[in-house]
Amino acid sequence: MEIRRVCCVHIENKGCVLLATCRGASSCRRVFVLPDQPELKHVDQILLKQSHTAATTFILEAVKHNADRSAISSCLEELAFSAERIEIFYSTHQKHKKELERLLASIGRCPPRINDASWRLQYHVKNDQVDKVNEPFYLISLNTENEGSEEDINFTCTVEQLQDLVGKLKDAAKSVEKASQM
Amino acid sequence: MLLVLSEDHKEHLSFLPKVDSAVVGEFGRIALEFLRRGTSPKIYEGAARKLSVPVETVQHGVEGLMFLMTESSKHMISEVDFLDSVLVLGFGEELNQILLQLYLQHHAQIRSILSQLPSNLPAYHNLEWRLDVQLASRPLRQQVVPMVTMRLLLVGGGAGGHSSRVLQTDPSSLLHLISTLEAALATMKSSHARRIFRNIK
């Protein structure tokens with residue numbers, strides 16, 4: 001885990017910076033916000049910014065690798081953190097850990113996710129090329145989402161094709177069930 | 001129902017009685033080949049040279065024949081109606097029989113070709129799936145996230161040919177999807193649907 005030693009030594013004296021950073025990391029996704037407590041006004045702003053960045057990196061790396069108590073404690077001990085401060089850090093870390101995990105898991109590319117499906121049953125009577133068609137068919141619309149933007153995939157299928165589709169989806173569901181029982 | 005042939009159409013077909021029945025049979029074969037594969041001007045020129053008539057006459061004759069066949073197949077007219085419609089043209093009995101045979105032998109095929117024309121929405125072709133478990137990603141290690149990855153193959157829809165989309169879903173969405181689509185299938189068997197299917201013919 002990367003830790004900027006110099007900056008963290010300074011954090012050690014300003015325990016409130018850490019708390020603010022923990023909260024800040026989980027609430028602001030892309031905006032870099034400095035903690036603005038009044039106690040920190042007299043601190044050199046550049047140093048404050050460096051400390052804040054270092055602390056954020058440390059916290060995110062700890063969540064990323066699912067670091068346990070001993071790993072975090074030993075890291076902080078190397079930086080001459082007192083036992084009391086380690087305890088404060090660790091309890092705050094535990095409080096926000098789930099939220100940070102969710103945040104990190106949502107970053108990244110993946111194929112569009114299917115959320116919902118709507119359907120229409122229609123009866124095809126005739127069209128301009130062929131008369132007397134007299135066939136029922138389905139219009140299926142899959143509602144998919146990809147990184148916030150939604151898209152609908154529309155297609156038609158006959159009754160047999162829809163049965164085929166549902167059969168395949170059921171096979172997939174069965175294999176999920178079997179895998180979860182192993 | 002009877003086919004109503006326009007004056008232009010009748011004029012184009014009037015070329016047919018002037019040639020032998022063998023030639024009419026040949027024209028019929030050419031017409032069907034054109035319906036299947038598309039027209040080719042060289043064949044018109046070849047036939048025109050052999051029969052010593054202008055290319056246009058041959059072209060109109062073949063096109064008239066094609067139109068007669070597609071209209072008859074489109075409306076699925078019976079033998080009797082077909083003969084009655086063709087009677088209007090004033091052809092001999094033999095020619096009428098040749099045309100009828102042409103229609104009877106190929107109308108199913110012509111209908112299936114015609115039904116491929118109006119596809120403006122993509123149609124389902126196939127679905128491939130697999131079960132994955134995500135273990136880690138760049139921002140977060142040590143995950144256990146099951147997901148079903150699918151490839152939906154579609155046909156047509158303006159782009160022509162096959163298109164495929166890669167999609168993902170989690171197990172609970174998958175179950176929701178299955179129950180929604182099963183409900184869709186169940187409506188086919190409802191009394192309302194059955195009544196409509198029975199009565200619209």
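Chain A holds 6 helices and 3 strands. Helices (H or I, at least four residues) and strands (E, at least two) are DSSP runs, numbered from the N terminus. This is a predicted model: local features need pLDDT of at least 70, side-chain atom pairs count only at pLDDT 80 or more, and totals for chains, interfaces and linings use all residues. Residues are numbered from 1 along each chain as its sequence is written, chains are lettered from A and ligands numbered from 1 in the order in which they are written, and side-chain values use heavy atoms, with hydrogens and water left out.

**Chain A overall**

- From the N terminus, the order of elements is α-α-α-α-α-β-β-β-α.
- Of the 182 residues in chain A, 39% are buried. Buried means under 20% relative accessible area, exposed means over 50%, and partly exposed lies in between (1.4 Å probe, protein chains only).
- Chain A exposes about 10500 Å², and carbon and sulfur atoms supply 51% of that area. Accessible areas come from the Shrake-Rupley method with a 1.4 Å probe; for residues, only the protein chains shown count as cover.
- Take the chain A contacts between residues at least 6 apart in sequence: 51% of them join residues at least 24 apart. A contact means heavy atoms within 4.5 Å.

**Salt bridges**

- Side chains of opposite charge can pair when their charged atoms come close.
- The count over all chains is 13 salt bridges. The rule asks for a side-chain nitrogen of Lys or Arg within 4 Å of a carboxyl oxygen of Asp or Glu.
- Within chain A, A:Arg69 pairs with A:Glu87 at 2.4 Å, N to O. A:Arg69 lies in helix H4 (residues 69-78) and A:Glu87 in helix H5 (residues 83-105), so the pair ties together parts 18 residues apart in sequence. A:Arg69 is partly exposed at 39% relative accessibility. A:Glu87 is partly exposed, also with 39%.
- A:Arg113 bridges to B:Asp170, with the closest N and O atoms 3.3 Å apart. This pair crosses between chains, from strand E1 (residues 113-124) of chain A to the loop between strand E3 (162-169) and helix H7 (171-188) of chain B. A:Arg113 is partly exposed at 33%, whereas B:Asp170 is buried at 19%.
- A:Glu151 bridges to B:Arg165, with the closest N and O atoms 3.1 Å apart. This pair also crosses between chains, from strand E3 (residues 149-157) of chain A to strand E3 of chain B. A:Glu151 is partly exposed at 36%, and B:Arg165 is partly exposed at 25%.
- B:Glu33, B:Arg36 and B:Arg37 are joined into one network by salt bridges that share partners.

**A buried residue in chain B**

- B:Gln168 sits in strand E3 of chain B. Its relative accessibility is 9%, so B:Gln168 counts as buried.
- Leaving out residues up to four places away in sequence, B:Gln168 touches residues of chain A including A:Cys110, A:Pro111 and A:Arg113. Its chain B contacts include B:Met147 and B:Thr149.

**Surface patches**

- Patches are made of residues with over 30% relative accessible area and no salt bridge; like charges are joined within 9 Å, nonpolar side chains (Val, Leu, Ile, Met, Phe, Trp, Tyr) within 5 Å.
- B:Lys189, B:Arg194, B:Arg195 and B:Arg198 form a positive patch. Lys and Arg count as positive. A charge is placed at NZ of Lys or CZ of Arg.
- B:Arg195 lies in helix H8 (residues 191-199) of chain B and is partly exposed at 44%.
- A:Val125, B:Ile196 and B:Ile200 make a nonpolar patch of about 190 Å². B:Ile196 is in helix H8 of chain B and is partly exposed at 32%.
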